Amino acid sequence: MLKSAAVGFTPYVVMLAGVPFVNSTANVGGIPLLGLWILIWVVLTPVFLLAAHRLLPRAEREDGSQ
Amino acid sequence: MNLPLIITAVIVGLAVVIGFVSHGRTTMDLEQWSVAGRRYGGVLLWVLAAGEIYTTFTFLGAAGYGYTKGGPAFYILGYGALAYIISFFLLPPLWRYAKRNGLLTQADYFTSRFASPWLGALAAVVGVVFVVPYGTLQLEGLGDIVTTVTNGKVSNATAMIVAFGLVALFVFVSGLRAAAWTSVLKDALLIVAVLIVGIGLPLKYYGSYSGLISAVNHAHPGHLALPGSSRVLGVPWMISTLVLTSMGFYMYPQAFMATYSARSVQAIRRNATFLPLYQILMLLMFYVGFTALLVVPGLKGANSNFALLDLVKKGEPAWITGLVGGAGALAAIVPGGAIVLAAATLVGRNIYRDVISPQASDLSVLRVSRVFVLVVMAASLYIAIRSPSLIVNLLLTAYDGVTQFFPAIALSLVWRRTSKTGVAAGLIVGVGLVLYLVISGHDPIWGLNAGLVALIANALVTVAGSLLVPGRASREVMAAYAPRPMEVAGVPAGTAQEGTAAP
């Protein structure tokens, strides 16, 4: 479970940790740098969650609770 | 009659019809009414789980926030994705616990997990207190939208009374089904409206997004970063607000309840994985806000809620104004319906049954809850008409408040000793601090979101209280969180059932 959480929470931690370094109005192809940084990690979140799903303990992945 | 008004009215009318029809042929018992029999996967669970994303807050608030504050608005783009990450891990065990113990409301969780109806009642009171401002917020947004698209022909109060009378009725009749099915229409229309105005308006005035951003940077240097035009909302505020709002996302009683309606843990995780993509469109609303800043400058305070609508009226044909008005109205009344449903069920289950009349049958709980649909509606309406205020600030207060449930819920999943004493003390401290800090104007405090400061105090008190007076949850209680394999003791895959029987 810890491995899965570590991967799943990567975008969470990185998005927040990066904020002080991207706090700029620089126009990057029509989007301010701050907004672009957040957008990138929003888009990458599904990728990390898919990976987190593969790393879940087997009992979680095959949970049949209905 | 004018065209925008007609289109708006048709859209709202269509939603009302869908709300009533969604009742279908189901026999409406309490479980069907409040959590739709826990049968949702696919589209209905998706729109319910995303309920928070496409609301009036998104529609007017995001544009308004981009307009008045600038860079700080980008938190609205990020918090949903972060919330879905938390939900990916937090909701599956909660859902299993709720399913196995037949929970219907958020406060039910407190009653059940800590074996304390009084704690459940406390959670219900806190939930209702904070969810009513949120309902009020939706009402005010609706009033603004209808008044603006009709050029003041329909007054704010009339619009609110008519629309919310209709909502109260369809929620009364169809419960969560109404909220789910009308959400499908609402989300579809909002996406179309966001695409039309979010692409059309900035390009019409500035030719390209890049041109728009350059123009904003030229006219308002620093607006598009932190603290933007807000002065106080800097980097620490941004980070603390993202943390707070991502934890609070599912702590709203109606969002928590919507989770119970899921068919399975797999459906919850699949949703959490892809929902972040649903939020990307939010970016377009900021562009609309930035465009408005340059094209219709000078809106202050609560009037910034009109940034989007003023710009639409100025720059788009009448039928688009009508479409935006209708989509915006649904963005208010559909979440409004879910909110009222949650508040009413909290009163019926956790105040009426748990504390006042423990012998009450499900049928009489359903009856009381339905009466409270009307009561809560009336209360929100009263507040909305008497004291209009800036949409986003109200939301942040409500958000700070409901997020105070988070420490208790997160801890209780993994720590057997989490106790009712600790939870009650933590909740009271957290909520008390939120109210004090926000009302006395200390938000942000030390550059941080005041809600997060209260949350930390709350978590510390919860832990300390649980160490002093430990809870004694049995192994059976904790086992209710655990996954169960598809074939339990020879039950064929897909038919395993436990606890209260489902249809």
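**Interchain contact and helix packing in chain B**

In the predicted model, the contact between the two chains draws 44 residues from chain B and 37 residues from chain A. On the side of chain B that touches chain A, the elements giving two or more residues are α5 (75-101), α10 (209-219), α11 (235-248) and α13 of chain B. Of these elements, α5(B) provides the largest share, with 10 residues. Classified by residue type, the side of chain B that touches chain A comprises 29 nonpolar, 11 polar and 4 charged residues.

Helix α13 of chain B, which gives two or more residues to the side touching chain A, also packs within its own chain. Helix α13 (residues 265-278) of chain B lies against helix α3 (residues 42-49) of chain B at an angle of about 60°, the two axes being 10 Å apart. On the α3(B) side, the contact is formed by B:Leu45, B:Trp46 and B:Ala49, and on the α13(B) side by B:Ala267, B:Asn271 and B:Leu275. The residues of this contact divide into 5 nonpolar and 1 polar, with no charged residue.

A further helix pair in chain B consists of α7 (residues 117-149) and α17 (residues 362-386), which pack at an angle of about 60° with their axes 8 Å apart. Helix α7(B) is thus oblique to α17(B). The crossing of α7(B) and α17(B) is right-handed. Helix α7(B) contributes B:Val132, B:Gly135, B:Thr136, B:Leu139, B:Glu140 and B:Gly143 to the contact, while α17(B) contributes B:Val376, B:Ala379, B:Ser380, B:Leu381, B:Ile383 and B:Ala384. By class, the contact of α7(B) with α17(B) contains 7 nonpolar, 4 polar and 1 charged residues.

Helix α16 (residues 318-356) of chain B was examined for its span and its burial. This helix has 39 residues, and the distance from its first C-alpha to its last is 53 Å, close to the 57 Å expected at 1.5 Å a residue. Helix α16(B) is mostly covered, since 34 of its 39 residues are buried, a residue being counted as buried if 20 or more other C-beta atoms lie within 10 Å of its own.

How values were computed. Residues are numbered from 1 along each chain as its sequence is written. Chains are lettered from A and ligands numbered from 1 in the order in which they are written. This is a predicted model: local features need pLDDT of at least 70, side-chain atom pairs count only at pLDDT 80 or more; totals for chains, interfaces and linings use all residues. Axes are lines fitted to C-alpha atoms, for helices over the stretch in contact, and angles run from 0 to 180 degrees between N-to-C directions. Helices (H or I, at least four residues) and strands (E, at least two) are DSSP runs, numbered from the N terminus. Two residues are in contact if their C-beta atoms, placed from the backbone, lie within 7 Å. Ala, Val, Leu, Ile, Met, Phe, Trp, Tyr, Cys and Pro count as nonpolar, Asp, Glu, Lys and Arg as charged, and the others, Gly among them, as polar. The expected span of a helix is 1.5 Å times one less than its number of residues. A residue is buried if 20 or more other C-beta atoms lie within 10 Å of its own, exposed if 12 or fewer, and partly exposed in between; C-beta atoms are placed from the backbone. Angles under 35 degrees count as roughly parallel, over 145 as roughly antiparallel, 65 to 115 as roughly perpendicular and the rest as oblique. A crossing is left-handed if the near helix is turned anticlockwise from the far one by less than a right angle, and right-handed if clockwise.
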